[in-house]
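Q: I would like a close look at one part of this model, namely its salt bridges and the elements they join. Please treat the matter in one connected account.

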Amino acid sequence: MGIPVISPQYAQYLLDFETLILQKQAEIEAWFRSQWKRHKPPFYGSVDIRNSGYKMASIDMNLFPGGFNNLNTQFSPLAAAAATDAVERYCETAKSVLIVPENHTRNTFYLENVYALSNILQQAGFAVRLGSLNPEITEPSEFKTALGHTILLEPLLRTRERVHLADGFSPCLVLLNNDLSGGVPEILQGIRHTVLPPLHGGWTTRRKTAHFAAYNQVAAEFAELIGIDQWQINPYFEKVSGLNFHEREGEDALAAAVERVLAKIQAKYDEKGITDKPFVIVKADAGTYGMGVMSVKSADEVRALNRKNRNKMATVKEGLAVTEVIVQEGIYTYETLNGAVAEPVVYMIDRFVVGGFFRVHEGRGADENLNASGMRFVPLNRNMPQTDSSGDDPEFLAGSKRVFEQWQTLGLPDRSQACDCASNRLYVYGVMARLSLLAASIELDNY
């Protein structure tokens, strides 16, 4: 597999941006260090990035990443070192970690993610156990992962204000790999443990618009630091509440918001001499897995939604009704891999980039959501399998186990190479991802 390539039409825009980031590396890293003194980074996170050449930005930030099985194991020592920092930052004396996973016992790719995450923490020197919230897990039960590994899920128990396993295992740190879309379970409420990410980081309370409000602050400061228009790294957005897609309630308010955001994008395109047609992404303000998402190029498209599409927008994971959405500026992705549209997903533990992969969708265009059925995580190593997402939760797929295999350094630029070489492109993606991580830190602090 080759390195993803940018459309020649926009390659110069990207080269200019990458060159600037590399020139400003010292100032950028000093700025990040100062920020992390003021804000604790989340334990971990993954960031979806869109790259049009003339604009590169985070479009989503997941605080409960479920694709650790997709990371290059070559960088496991770095991930383990980052995990050590992450644990000690919140619990200096911790010797063990209890992971609380999602209830996806039939999704073997997700179970492979749990296995990979456990391995990272074990390599960091922690005893790791898995405490399940799944009511079907009533005794310690072994499950096979997608690659044939075995994990042991044990029922999570509670005595007074502490959670534990049947043999008394009760660590300082409880690590959630469950996004709490269905609500905060009673067993976790008010416990005397360090819980990371915090319970208010779950989709029960978290909102994407709150994240991007914090990102506005981060992007403005960063843009001033390096001397660019913050629009280059920051998508416009609005929040719309009071929706009922089944009953078409709030439709006019949503159409008006779409119209306003499209007009702002068009004005910026005119200013920059960009000939693309503006579009927006309308997505549930809370939720993941690419559910409750649509691409829109006019307000009329909102009013013309048929019943099938209204049904798709009406609910997300756990069957939760969508009453609030974010209307977010759409960013064309002019990066392709073997001719298919591709977007990078960058993984971080603590404040460190620890890997990533490219999400690729042969059936989607440059102006569409790629986190959808049919997407693939295509590896750069020719010897790795390519597995599509049919029948699997989009967040948890196989097929990209060594995605940055050919990228010689992780998260660091290579000054001996051209500005647009693979390692330097990854460094730029890492900078964009860390901006979103910083925004998540501020977002959680503001709760």
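How many salt bridges does the structure hold?

A: In this predicted model, the structure holds 27 salt bridges. Side chains of opposite charge can pair when their charged atoms come close.

One of the salt bridges joins Arg 89 to Asp 350, with 2.8 Å between the closest N and O atoms. Arg 89 belongs to helix H3 (residues 76-90), while Asp 350 sits in the loop between strand E17 (340-349) and strand E18 (352-361), so this pair ties together parts that are 261 residues apart in sequence. The two partners can also be described by their accessibility: Arg 89 is partly exposed, at 26% relative accessibility, whereas Asp 350 is buried, at 0%.

A second salt bridge is formed by Asp 285 and Lys 239, whose closest N and O atoms are 3.5 Å apart. Because Asp 285 lies in the loop between strand E13 (280-284) and strand E14 (293-296) and Lys 239 lies in strand E12 (residues 237-240), the pair ties together parts 46 residues apart in sequence. Asp 285 is buried, with 1% relative accessibility, and Lys 239 is partly exposed, with 39%.

Glu 362 and Arg 376 form a further salt bridge, their closest N and O atoms being 2.4 Å apart. This pair links distant parts of the chain, 14 residues apart: Glu 362 is in the loop between E18 and strand E19 (376-377), and Arg 376 is in E19 itself. Glu 362 counts as exposed at 57% relative accessibility, but Arg 376 counts as buried at 17%.

Helix H6 (residues 251-272) has 22 residues and reaches 32 Å from its first C-alpha to its last, close to the 32 Å expected at 1.5 Å a residue. Its buried residues include Glu 251, Leu 254, Val 258, Val 261, Ile 265 and Tyr 269. Viewed down the axis of H6, the buried residues fall within an arc of 160°, so they line one face of the helix. The cover over these buried residues includes E12, E13, E14, helix H7 (299-303) and strand E15 (325-329). On the face of H6 turned away from its buried side are the exposed residues Asp 252, Asp 270 and Glu 271. H6 is followed by Gly 273, which has a positive phi near 75°.

Methods
Residues are numbered from 1 along each chain as its sequence is written. This is a predicted model: local features need pLDDT of at least 70, side-chain atom pairs count only at pLDDT 80 or more; totals for chains, interfaces and linings use all residues. Side-chain values use heavy atoms; hydrogens and water are left out. A salt bridge is a side-chain nitrogen of Lys or Arg within 4 Å of a carboxyl oxygen of Asp or Glu. Helices (H or I, at least four residues) and strands (E, at least two) are DSSP runs, numbered from the N terminus. Buried means under 20% relative accessible area, exposed over 50%, partly exposed in between (1.4 Å probe, protein chains only). The expected span of a helix is 1.5 Å times one less than its number of residues. The arc is that of the directions from the helix axis to the C-beta atoms. Contact means heavy atoms within 4.5 Å.
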